[in-house]
Amino acid sequence: MEIMLTMLLGVATAAGPTVINADFEQKDVRTGLPTGWSYTSLPGRQHLVNYQTTQVTAAKKQGSALSITVASDHPEQIVAYNIHQDLQGLTPGKAYRVSARVCTKGLKTMPMIVVQCIDASGRKFVGMARSPQRDLPGDLDSWEQIHTDIFVPEGTSTVRLRIGIPAAGNAGGTAIIDDVDIVEMN
Ligand SMILES: [Ca+2]
């Protein structure tokens with residue numbers, strides 16, 4: 001019975017919008033990093049950012065989260081470090097809310113969610129949304145949810161989700177991210 005229920009839920013989930021490894025529990029055996037995500041860094045200067053999995057307690061249960069740490073000697077340079085993946089199961093003409101839970105240590109600005117809608121050429125952005133920019137007066141020791149709403153326009157071929165932090169002002173700081181979610185809005 002339990003197996004059947006799991007299978008049914010699996011089918012229901014696959015039909016809607018999905019984020020692969022949204023809870024960061026699946027890890028690559030070689031790198032130790034969560035699977036299903038890509039990790040940005042400056043070419044040849046990967047040492048300026050560190051992506052790691054970290055053990056956390058979220059929603060009263062133990063699990064893995066993803067941390068992004070900007071090097072303490074990071075030069076003043078405009079670069080946003082982010083994890084990203086292309087979302088499946090979204091329908092043009094519909095709107096979605098994308099959210100994640102975050103904690104911060106030593107950051108001056110709130111981590112951000114960015115959603116980009118890209119056309120079939122792969123070069124033109126036809127839609128974009130991001131969670132509000134916000135200065136942080138101190139560390140976020142407990143989980144806070146950030147979110148953004150994206151309307152997916154007709155002509156969208158790829159919906160790319162990015163979650164991360166700008167380097168500017170955040171040298172030496174860490175963002176911890178867990179429980180990414182996407183729901184269709186009515
Ligand atoms: Ca998790």
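Tutor: A residue is buried if 20 or more other C-beta atoms lie within 10 Å of its own, exposed if 12 or fewer, and partly exposed in between. Keep in mind that this model is predicted.

Student: With 16 other C-beta atoms within 10 Å, which class does Asn21 fall into?
Tutor: Asn21 sits in the loop between α1 and β1. Asn21 has 16, so its class is partly exposed.

Student: What is the phi of Asn21?
Tutor: Asn21 is not a glycine, yet its phi is positive. The value is about 50 degrees.

Student: Where is Asp179, another non-glycine with a positive phi?
Tutor: The phi of Asp179 is about 55 degrees. Asp179 has 19 C-beta neighbours inside 10 Å, so this residue counts as partly exposed. Its place is in strand β10.

Student: Which residues does Gly16 contact, leaving aside neighbours within four places in sequence?
Tutor: Gly16 lies in the loop between α1 (2–15) and β1 (38–39). Gly16 has 14 other C-beta atoms within 10 Å, so it is partly exposed. Its contacts beyond those neighbours are Gly89 and Glu184.

Student: How many Å apart in space are Gly16 and Met128?
Tutor: In sequence, 112 residues separate Gly16 and Met128. From C-alpha to C-alpha, the distance is 20 Å.

Student: What pattern does the protein follow along the sequence?
Tutor: The protein has 1 helix and 10 strands. Read along the sequence, the pattern is α-β-β-β-β-β-β-β-β-β-β.

Student: What radius of gyration does the protein have?
Tutor: The globule rule gives 16 Å for 186 residues. The protein comes close to that, so it is as compact as a globular protein of that length. The radius of gyration is 17 Å.

Student: Which strands are the edges of the open sheet of 5 strands?
Tutor: The order is β1-β4-β9-β6-β7, with antiparallel pairing. An edge strand pairs on one side only. Here the edges are β1 and β7.

Student: Which residue in β4 is the bridge partner of Tyr39?
Tutor: β1 and β4 run antiparallel and are joined by 2 bridges. In β4, the partner of Tyr39 is Ile83.

Student: Which residue in β10 stands opposite Val98?
Tutor: β5 and β10 (residues 174–185) run antiparallel, with 10 bridges between them. In β10, the residue opposite Val98 is Ile182.

Student: Which residue in β8 stands opposite Thr104?
Tutor: β5 (residues 95–105) also pairs with β8 (residues 140–151). That pairing is antiparallel, over 9 bridges. In β8, the residue opposite Thr104 is Leu140.

Student: Which residues have the most contacts inside the largest nonpolar core?
Tutor: In soluble globular proteins, nonpolar side chains tend to be buried together. The largest nonpolar core here has 35 residues.

Student: Among contacts between residues at least 6 apart in sequence, what percentage join residues at least 24 apart?
Tutor: Buried residues make up 27% of the 186 residues. For contacts between residues at least 6 apart, the share joining residues at least 24 apart is 74%.

Terms used. Residues are numbered from 1 along each chain as its sequence is written. This is a predicted model: local features need pLDDT of at least 70, side-chain atom pairs count only at pLDDT 80 or more; totals for chains, interfaces and linings use all residues. Two strands pair if DSSP finds at least two bridges between them. Helices (H or I, at least four residues) and strands (E, at least two) are DSSP runs, numbered from the N terminus. Two residues are in contact if their C-beta atoms, placed from the backbone, lie within 7 Å. The radius of gyration is taken over C-alpha atoms; the globule rule is 2.2 Å times the number of residues to the power 0.38. A nonpolar core is a set of buried Ala, Val, Leu, Ile, Met, Phe, Trp, Tyr and Cys residues joined through C-beta atoms within 7 Å.
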